[in-house]
Amino acid sequence: MSGGLSWRHHVIIQALLSRGPLKEKELHSMFEDLTKKNPGTDRKLFDAFILTINKALTCANFELRGCIDQYDGQVYYGVVNTVSDEQSKLGTKYTVPQIAFYKAIIEAIVQDGAANGFISSIDVLNLNLDSQVTVVTDPQSQGSQPHVPPALKNFGLSQKEKTLQELARDQWLNLTTDGNIKLGVKSFLDLRSWFRNNDVQSCQVCNEAGIKAELCQNESCTVRIHHYCLKQLFSQRKDAKVCPSCGTSWPYTVPKEEAVQTEDGNEPRGSQRAANSKGKRRRANAIVEDEEGGCGNQEELNGSRGSQHDNGLAGKRRRSRRTDDADIGGPGASQSSSVTDLRRVTRRSAR
């Protein structure tokens with residue numbers, strides 16, 4: 001798996017495996033410290049760096065993937081298993097009842113018609129796990145009957161509470177201070193294909209699963225949109241804010257700070273902050289794009305570096321930069337094709 005990887009790649013992989021999912025700014029900071037490159041101005045180089053890692057991880061059925069936490073709108077990166085088979089299940093530390101309990105929680109959250117994205121702790125403890133058992137046919141009886149393992153029958157409240165704490169510690173779930181349970185970052189990273197395969201309704205704007213979203217006021221309309229996608233859709237719009245599907249008025253108020261930044265076109269800081277917000281969503285969409293096309297919103301951050309005043313030093317820096325780029329991009333890595341290759345890798349992994 002280490003073929004083509006430099007020590008810099010190994011540091012990133014080890015950090016993600018030991019610390020769990022990292023925020024985008026944390027991963028970018030590590031990348032800049034390791035390579036002395038800015039992932040904003042050298043976006044193609046960063047994409048090539050991720051592509052090199054994913055090519056090496058493919059043989060072990062792993063992938064470095066990005067996602068957006070639908071509760072805070074921030075981009076996270078993590079290493080996920082791309083194969084769900086009986087052999088891969090042997091590597092989990094959770095028992096069969098704990099996995100069944102987790103699955104019941106996920107189903108309860110995603111099936112919420114109001115798209116609140118959470119379930120109360122009381123409702124969680126009262127979840128019935130019988131729906132998670134397999135149905136077997138008894139040759140001595142007519143028809144099929146559910147087979148409930150003894151471990152599930154004996155899975156009591158204390159075990160559920162302990163499992164909740166473990167799932168929260170491992171970032172599969174998030175326990176709020178007001179007694180609700182939400183999906184954790186790992187769930188958003190790992191369950192992307194599961195959301196699609198189970199027909200979880202998607203956001204009208206980005207086409208990702210709308211776990212935590214706002215609904216159209218028209219009861220006959222099924223449109224739901226993430227709050228950060230609403231910001232993208234309405235913040236720069238001067239006309240009436242309406243549902244993109246049925247045209248019903250959508251009650252949305254642009255936050256005061258953003259409204260001031262939008263009106264003042266002479267403030268470079270404000271415009272830069274808005275551009276960074278859009279770029280963050282588009283960068284995550286480029287990483288998490290699957291075989292069905294994903295969000296389709298992709299944008300590279302553009303930037304410029306200061307000019308080099310000493311021509312002699314500039315030549316040395318250019319020669320050194322070419323050496324570093326070859327190490328970061330991996331053998332045979334081409335910056336012009338890195339983004340296309342990355343999409344191709346993620347599509348293959350999603351399948």
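**Exercise 1. Count the aromatic pairs in this predicted model and classify the pair F31 and F46.**

Rings of Phe, Tyr and Trp (its six-membered ring) pair if their centres lie within 6.5 Å, with planes under 30 degrees apart counted as stacked, over 60 as edge-to-face and the rest as tilted; by this rule the count comes to 8 aromatic pairs. The centres of the F31 and F46 rings are 5.1 Å apart and their planes stand at 90°, so the pair is edge-to-face. F31 belongs to helix 2 (residues 24-35) and F46 to helix 3 (residues 43-57), so the pair ties together parts that are 15 residues apart in sequence, where helices are DSSP runs (H or I, at least four residues) and strands likewise (E, at least two), numbered from the N terminus.

This is a predicted model in which local features need pLDDT of at least 70 and side-chain atom pairs count only at pLDDT 80 or more, while totals for chains, interfaces and linings use all residues. Residues are numbered from 1 along each chain as its sequence is written, and side-chain values use heavy atoms, leaving out hydrogens and water.

**Exercise 2. Decide whether F31 and F46 are buried or exposed, and find their ring cluster.**

Buried means under 20% relative accessible area, exposed over 50% and partly exposed in between (1.4 Å probe, protein chains only). F31, at 0% relative accessibility, counts as buried, and F46, at 1%, counts as buried too. Ring pairs link F31, F46, F49 and Y77 into a cluster.
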